[in-house]
Amino acid sequence: MDELPDECKSIRTTLYNCKRGMLDMRKRFRVVVNFQFLNTTSFGYWRGISGMSAAFHLSRRFPQASIVLLERSAHEGGWIRSRRVEVKDNDGNKATMLLEAGPRTLRPNSKAVLELINVLNLQSSLITTHKSSPAAKDRFLHIPGRPGLTRLPASPLSILKAPYTSSIIAPAIIAETFRRSNRPIGVDDESLSEFLARRFGPKVERIFGSAVVHGIYAADSRLISTRAAFPSLYEAEERGRGSVVRGLLTSKKAEDTANEFDLGETQSLLRDAAVFSFTDGMETLPRALRNALDTVQNVTLRSNSDVTALRLRNESNDIEVTLSTGEKINVSHVVSAVPLPKLKSLTSSVSQLPHLNANPISSVAVVNIVFPPTKRAIHPPGFGYLIPRPEKGYKQTNLGILGTVFDSCSLGAQDSGSLGFTKLTVMLGGPYALNSAHVKMENILSQLQHHLSPINHLRKGARLPWPVYYEALQHDQCIPLPTVGHLNRINELRAELKNGPWKGRLEVIGASVDGVSLGDCILSGKNVGASCIYFKCYDKPDLPNPQPSRRDMRYAVLVTGPAGAGKSTFCRSFMTHLQSSRRTGHLVNLDPAADPESFEYEPSIDIRDLISLDDVMSELGYGPNGGLIYCFEYLLENMDWLEEEIGEYDNDYLIFDCPGQIELYTHYNVFPTLVANLNRLGVRTCATYLIESQFMEDKYKFFSGVMSAMSSMVNLELPWINIMTKMDLVSGKADDPAAGRNGIRKRRNIARYLDPDPLLLASAPGQPESANPRFHSLNQAIVQLIEDHPLVSFLPLDLTSTESLETIVSHVDYVMQYGEDEEPKEPQDMDEGDFADME
């Protein structure tokens, strides 16, 4: 090398770099690919937190993924907004009050929220409202037509303290317990209004059902789906054989989800809390998420990025994301957290997705009010009150107000300064048609006076004081409403996204799809990708730092290819070579039909310990092909078994001996899902694809083998090495009597297929064209495809030559960068002289 002229050295270096670029297939294919998250903060309810949750959990689960989070505004968290204001009264009293524009408290029943609190280390910021406090026990209604507030019973023992509401509830509950099942035949969903009226009577529905819907959805209960919004009621009716009360009294089988969430001590900290928040308000959560994502190398956050269109790029199967600035971003997957009507305008150029405009979206106004200190309380101790639907309807009695929250009672710990200031929040809009008069403070005070004066301990004729601070915030189109049939429509939408033109590369999450509560939105983000074959993952709790370290890096080689290609023989030789090189390898048998006597090395991990093809065929009556598919589906459902079996193999090779059923690599999603799980476990993986030299009899069989190798490579998206096996059976003698069909191939006939020029092969002299001229154009198109995407070449494997096996092992080491913190191991170059003995 040192004696070569400089020009030759330059050419040799250039050639080597070119080979290196082609060999490092991680630049072209990755186990986990690019994700795009769309958050459009002016269109959805907490949609910001859904996208942030998805990006956070995916970045932990797939540390090699490239994730871009697009946010239309500069504010993270959507409708979640917390701010502090300075207030002062006429007597000089000052205080700092924390005000919420969106959700203000959470119940400790969402494990997805508790997990974020634990992982983001927010325990010290928690403030809680104890279950025994008035803010937890005392809730009220203001019933139109009745003065003041009406107390709701908090438990069966408190019925005597709330005689009016109890006089309605108690008889309805007793009657419902003994009422026969009356669900209409064939009806699988109905509005909450229809459900409650059918089981408890119309008065219970109007007074209690409509008030609950006002507080959660700011909507008319006659629109809201029972199955989607209140599934526990629907399930209780089924469990109680027609009676909701009997169903609620019947114990429900508890679901063990503890292992699905990393809760730490958070759940025990909130054991006695009725509701909770944070010292600096609910925006603490999205801020902490933002700070965590800022430190993750594989996540890019882009604010003020408005998406205007999504388009499929047919030539690459990528999705082109167009921004309002004209910039175009190409990604492999898009996770959309925008409201469904907005998604309709983004995807209209690709396909007409179903049901995107099926659900209306509610608008609300939030008015934060701070009253100065008074000698008597502004409101009774409690959480707040809701207002049911007026008996004459929303249009005839346009009250505007849906309810009021007594923030000082449950969240007083957030405030500082002089005592005695009272903060509360009034919610308006929803089914009421708001106008500017509704949010004028004099009109709001007039209604609050009517609601509170009979019970607020003010002297008769006293008026509420003028606030020291108030602010009205309008949230247009902020709460998606799950109307009747919502669950069926979402299932149809997701089926179309999976099976239609998008092919699973576009997924919808967020309030428009999975529920409007903060817990629903965070869980929706955590579960993103669960139904997508490209990154399906059966995962256990993620570690705070999922990036595998050098000492716990593991390596896996998937040995794939058609039956009879010599996969098991190659695995045996690979193991022998590792042992002779004083390296540690472990054989993993993934063939549930393998003969136990065929292994020279006992498998360290054997799928037959989990399930075998013989058992499936005998017990389930499946054939060999269907049984093999069933075995792998069973493996994917029990990935915890494989995770436990892999254990703590550090810096070891795991050699996976795979079945010879080619459909597993080219058609089904079992191996892509397996690869995604190996990646999640920190196992760096590559694949080898074996084709026997005896198969390469002519150019047509060569092109067939190349197409199958390309199909497998594209499906698995892995660093990839193609190997031509059984080269020791290739004869170097032109007159070898064993040469010919089904005999020993001549090396002269095989050499040209190792690193071929497809166009030259297609037009090779001396070989006849297709007997049917109609197939000539098809053949030329296939050849051109292979030429345009030169991804397939073959390394020869001669098991009688130690050098041949070492060459392949060096390529495997290289594509996975085995021991990457050491000097990288360069694969042995195959110069022209290496083929001299094949001439």
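Thr422 touches Ile369, Val370, Phe371, Ile378, His379 and Ser408, leaving aside residues up to four places away in sequence, where contact means heavy atoms within 4.5 Å. The residue lies in strand S18 (residues 422-429); helices (H or I, at least four residues) and strands (E, at least two) are DSSP runs, numbered from the N terminus. Thr422 counts as buried because its relative accessibility is 11%, buried being under 20% relative accessible area, exposed over 50% and partly exposed in between (1.4 Å probe, protein chains only).

This is a predicted model, in which local features need pLDDT of at least 70 and side-chain atom pairs count only at pLDDT 80 or more, while totals for chains, interfaces and linings use all residues. Residues are numbered from 1 along each chain as its sequence is written, and side-chain values use heavy atoms, with hydrogens and water left out.

The mean pLDDT of the protein chain is 81, with 78% of its residues at 70 or more; pLDDT is the predictor's confidence in each residue, from 0 to 100. Over residues 531-551 the pLDDT is below 50, and this stretch has 62 contacts in the model beyond near neighbours in sequence.

Strands S3, S4 and S17 form an open sheet in the order S3-S4-S17, with antiparallel pairing, two strands being paired if DSSP finds at least two bridges between them. Strand S3 (82-88) and strand S17 (416-417) are the edge strands, each pairing on one side only. S3 and strand S4 (residues 94-100) run antiparallel and are joined by seven bridges, and Glu86 stands opposite Thr96 in S4.

In helix H22 (residues 639-646) the buried residues are Met639, Trp641, Leu642 and Ile646. Seen down the axis of H22, these buried residues fall within an arc of 150°, so they line one face of the helix; the arc is that of the directions from the helix axis to the C-beta atoms. The buried residues of H22 pack against strand S21 (554-560), strand S23 (605-606), helix H21 (624-637), strand S24 (653-657) and helix H24 (670-680). Gly647 follows H22 and has a positive phi, near 60°.

The structure holds zero disulfides, a disulfide being a pair of cysteine sulfur atoms within 2.5 Å. Two cysteines are listed below.

| Residue | Relative accessibility | Class |
|---|---|---|
| Cys478 | 3% | buried |
| Cys631 | 0% | buried |
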